[in-house]
Amino acid sequence: MKRMTTEEVNEYVNRHPDVSIIDVRETEEVKAGKIPGAVNIPLGLLEFRLQDIDRSKEHILVCRSGNRSGMAARLLEDKGFDVVNMDGGMLEWNGPTV
């Protein structure tokens, strides 16, 4: 599984504003703030929302600490998606939030 630190993701997002970010936290968690442009698909719903995810793009997966996004990355990789897990999650994110 490919991984990026929160700093690497922040730099990547600044250079590629159209990057796909999927936040797999629960809806209530996301209300506290998410990376601008991130789409919220809770981990428990991810398998049921595969049709909503563009297979032609690389997706950065985000959660609170990096554990759930790691599970999501493995699930999506097994389904043929190109994904990157953001290590450290939102706990270590120092970039902008909305």
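The legends below describe close-up views of a predicted model.

Local features are described where pLDDT is at least 70 and side-chain atom pairs only at pLDDT 80 or more, while totals for chains, interfaces and linings use all residues. Residues are numbered from 1 along each chain as its sequence is written, and side-chain values use heavy atoms, with hydrogens and water left out.

**View 1. Helix H4 spans residues 67-78.**
Helices (H or I, at least four residues) and strands (E, at least two) are DSSP runs, numbered from the N terminus. H4 has 12 residues, and the distance from its first C-alpha to its last is 17 Å. This is close to the expected 16 Å at 1.5 Å a residue, where the expected span is 1.5 Å times one less than the number of residues. Just after the helix, Gly 80 adopts a positive phi of about 95 degrees.

**View 2. The buried and exposed residues of H4.**
Ser 69, Gly 70, Ala 72, Ala 73 and Leu 76 are buried in H4; buried means under 20% relative accessible area, exposed over 50%, and partly exposed in between (1.4 Å probe, protein chains only). Seen down the helix axis, the buried residues of H4 fall within an arc of 160 degrees, so they line one face of the helix. The arc is that of the directions from the helix axis to the C-beta atoms. An α-helix has 3.6 residues a turn, so residues three or four places apart point the same way. On the other side of H4, Asn 67 and Asp 78 are exposed. The cover over the buried residues includes helix H3 (43-46), strand E4 (58-62) and strand E5 (82-86), contact being heavy atoms within 4.5 Å.

**View 3. Lys 2, Glu 58 and Asp 82 are linked in a network of salt bridges.**
A salt bridge is a side-chain nitrogen of Lys or Arg within 4 Å of a carboxyl oxygen of Asp or Glu. Lys 2 meets Glu 58 at 3.0 Å, N to O. This pair links distant parts of the chain, with Lys 2 in strand E1 (residues 2-4) and Glu 58 in strand E4, 56 residues apart. Lys 2 also meets Asp 82 at 2.5 Å, N to O; Asp 82 lies in strand E5, 80 residues apart from Lys 2. Lys 2 is partly exposed at 38% relative accessibility, as are Glu 58 at 24% and Asp 82 at 33%.

**View 4. Glu 28 forms a salt bridge with Lys 31.**
The closest N and O atoms of Glu 28 and Lys 31 are 3.0 Å apart. Glu 28 is exposed, with a relative accessible area of 57%, and Lys 31 is exposed at 61%. The whole structure holds eight salt bridges.
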